[in-house]
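Subject: Structure for your review

Dear colleague,

Please find the structure below, handed over for your own work. My findings follow directly after it.

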Amino acid sequence: MTKGSVQVTHTGTARWRRRTAVYTTVTEALAAAADGDVLVLGPGTYRENLVIEQSITLRGPSEAKDGPARIAPPEGVPLTVRGSATVQHLRVEGQDTASPAVLIENSTPELTGLQVHAASASGIEVRGGARPTVRQSTVSNPTGAGISVGDGAGGLFEECEVVEAGQPGVSVRGAAHLRLERCLITRSSGAGLSVTGEGSAVDAVGCRFEEIRGAGVVLAERATAHLTECAVGATTGDGITLDSEAVLTLTDSRLTGIPENALDLRGRSVLTLVRTRISGFGRNGLSVWDPGTHADAHDCEIHESAGDYPAVWVSDGATAVLESCRVHHVPDALFVLDAGSRADVVDSRIEEVRGSAVSVSDGATAQLDACRIQDVGTGAWFRDEGSGGTVTGCTVEGARTGFIVTKGADPQVSDCTVSGPAEAGVYVSAGGRGRFSRCRITGSSGYGFHIIDGCRTELERCRTERCSRGGYVFAEDSPVLTDCQSDETNAPGADVRLKTGDAAQRTARETAGSGKPAQAPAPAEPEPADEGRPADEVLAELETLIGLATVKREVRALIDMIEVGRRRQRAGLKAASVRRHLVFTGSPGTGKTTVARLYGEILASLGVLDKGHLVEVSRVDLVGEHIGSTAIRTQEAFERARGGVLFIDEAYALSPEDAGRDFGREAIDTLVKLMEDHREAVVVIVAGYTAEMERFLAVNPGVASRFSRTITFGDYSPEELLSILEQQAGEHEYDLGDGTRDALLKYFTAMDRGPSFGNGRAARQTFEAMVERHAGRVARLAEPSTEELSVMHPEDLPTLR
C-alpha cells in the first residue's frame, strides 16, 4: 500500500479565515493543526507514531472500497491521544510488545470505528485519569491484553469487540472505572474481563464473554462490578470468579457451557444474582467458600448440570440465600458443609434431582421456607453432629426419601408435607434427632416415619396416610410422640422392633394399640418351601415378553450352558465354569427387572439357586451415612438375597467419577468380597444406562472380573410399544377402534426419545392417559353402550409434549 496524504481543514474564529491544506505526513499535519481543525487521512500506510494533544478531528477514509488508513510504525506506540480529540475509521497496527497499540492519557476523546491489529502489550490502554468514549471498534492482540484500563482512568466502550487477546480481553485495575455496553469479548486468555484492586469498578450492559481460555470474568482485591443482560459461556475455566472481598451484582444474565464452576466465590466476596440463568456447568453452578463470603440469588434458575457435582455448594463458613429460585435437572441441588456455613432457601423449587435436594453436614445449617421439592432422591439430608436448621412449610413430592437425619444432626421441621416417597417420608438413624411438628406423610410406598437405632426424635401433631409398610415404624427405644395421627388401625407410636420376625412385630403393634402389656409371641410355624415353577414354564413366560429378542437369546444361551454343565457333571465329565453374575445395560422401562426375576426362577428350577427370589436394591439401600454403616447395609442386602438374585439398579451410582467423601466405594469392596466368599449362594446382577455402566466397569476392574457377560436391552420400537399397549388394553377389557392403531404408531414414532424416555413405561402411561380421556368423553353420554364403554378411538390419545 502506498504512503497516503493528509488533508487538513484549518478552522479560524471567523468563517472567512477557514482554509484547507494538504500534508504528506500526519506528523506535519498535526503540527500545523489547532483546536477544531479536521484532518482526513487518505488510504495508505503511515509508518508514524502519532501523538494527538489538540481537540481536533482525525479520521480515515469513510468508505472501505478505497482501503484503510493504516497507522503502522515499526516500533513504539502507533497512536497516542492526550487531547479531547475525535478519532474515526483508522486501522492501527502495533508491533512493540512493550507498548500499547493505542494509548489514551489525561483526556476525554471520542474514538469510533478503530480496527486495532497488534502484537503489543495491549490493544488499547487507558490511563492517567483519561475518560474516552470508544464505539464500534475492534481489537485483535494475540500477544497481550485487549483493552487495559488503570491508574484512575475510565470511560465508555460501546459496541466494541475484542476478537483475540493473549491476556485478558478487558483488564481494569487500580481505582479505574469502566463502562461496557453491548461489547463482545472472545478468544482471550486468562479471563474475558479482569477487574482487580480496591476502587476498580466495571459496569457492563448487554456484553458477551465467550470462548475464553480461562475464566469468563475475574474480580479480586476489593474490585466491584455490575453486569446486566450479559452472557458468559464456552470458557475453559470457571464462568465467573470472585476473590479477596470482590463485589459483583449480576442481573438478567446467563452463564452456560462452563466446564468448571459457573460462579466461584472466595475470600469474603459478595455476589448478588437477580433473574440470572445458569446451565451446562461441569462442576458447581454456584460455589461459595470461606467465612464472610456471601451469595444472594433472587428469581434465578440453575439447571442442566454437565457433571456429577452439586448445583450449589456452600462451605468453610460461607453463607448463601436463594429466594424464588428454581434448581432442576442436576445430580444434587444444594450442599452446605462445615461449621458456620449456612444456606437460606425461600419460596424456591428444587426438581428432577438424582441425589439430594439439600444436604447439610459437618456442623452447617440450612433454613428452608415455603419451598417445593419434587422428583428427587432425598428431599433434605441432615447428616451429622451439629448439622441442622429449620424447614418450614415445604412440600416434598416423588422423592425416594423425604427427610433423612443421621449421626446426631438435629433439624427442626414443621408444617411440611411429604407425598409419594418410594422408601420413607422421614428416616432417622445412627443417633440422629430432629423435631417434626405438624408434618404429614402420604402415599409412601415404604414407611411414613422410619426411626431406628434408638433415635430420640420428637414428633408432634404429625399424621401419616396410606403408607404401605407402616406409618410409624420404630426400633429399640421409641421417639417422643405427641398428638400424632395415622389412618392405620395401629396406634401411632407402636414400638415395632425390626430385628424380630413378622409375628413379633404384629404382636408389639397390637399390644401397643390396646394398651396391654406385651407378651412374648409364640414361635411361628415354619412355612412350607415353595416348590417353584419348572424351567420350561418360566422360559415360556420369558418368550411371551414383547421384543427383547437379543435378551432372550442371551439368557437362553446362558441357561443352556448351565444345564449342559450339570449334565456333564452327572456323567462324570468336567463342566465348563460358568459365572452366573450379569450386567444389564439399557434405558429405563426395557424389562431389566422382569428378566432378572425370571432368571432367578430359572436358576432355582435348575437347582443352581435355593430359592430364586429377587431382591432389588439401589445406592440408597447400600450406602450408609458414616464409615462402617455401608458395609453393614451391603451385607444385609446380600443376606436377604441369599439363595436368589441381588439386583442392583443404577449400579454406576456407587462409583461416581469424582467420589470425594462418598462411601460408594465401600459398598463395592464389600460386595466383591461377598461374591468371592459366597460365590454359590447369590447371583448378582448390576444394571443401568449403557454408557454409565461401561464407565462403572472400567473404573472397577474387581467388579468387572466377577461378571460373565453383559446383556444389552434395546429401546422398544413403535410397533413393540403398540403391542405393549394392546396387551394392557386386553388385560383391562378395552378395544382399539378403527384407525386407533395407526394413530398410536404415529404417536409412538413421534415420541421424544431423549434421556427421560420410559420405553415400556411410556406405553403404559399412554394407555392410562387414553383411559382417562376416554372416561372424560364417555361420561358425557347419557346411556353409553357396551361398545362405547370399551372402545378407545384416536381422539383419546394424549397430546405429545
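Setting aside its neighbours within four places in sequence, His 774 is in contact (heavy atoms within 4.5 Å) with Tyr 734, Glu 788, Leu 789, Ser 790, Val 791, Met 792 and Asp 796. The residue belongs to helix α13, residues 760-778; helices (H or I, at least four residues) and strands (E, at least two) are DSSP runs, numbered from the N terminus. His 774 has a relative accessible area of 4% and is therefore buried, a term that stands for under 20% relative accessible area, with exposed meaning over 50% and partly exposed in between (1.4 Å probe, protein chains only).

The model is a predicted one, in which local features need pLDDT of at least 70 and side-chain atom pairs count only at pLDDT 80 or more, while totals for chains, interfaces and linings use all residues. Residues are numbered from 1 along each chain as its sequence is written, and side-chain values use heavy atoms, with hydrogens and water left out.

For the protein overall, there are 14 helices and 66 strands. Of its 801 residues, 52% count as buried. Among contacts between residues at least 6 apart in sequence, 49% join residues at least 24 apart.

Five strands form an open sheet with parallel pairing, in the order β61-β62-β63-β60-β64; two strands pair if DSSP finds at least two bridges between them. At the edges are β61 (614-617) and β64 (709-713), each pairing on one side only. On average, neighbouring strands of this sheet are turned by 20° against each other, direction ignored; axes are lines fitted to C-alpha atoms, for helices over the stretch in contact, and angles run from 0 to 180 degrees between N-to-C directions. Strand β60 (residues 582-586) runs parallel to β64 and is joined to it by five bridges, and Val 583 stands opposite Thr 710 in β64. Across β60 and β64 lies helix α4 (residues 549-570), at about 155° to β64.

Yours sincerely
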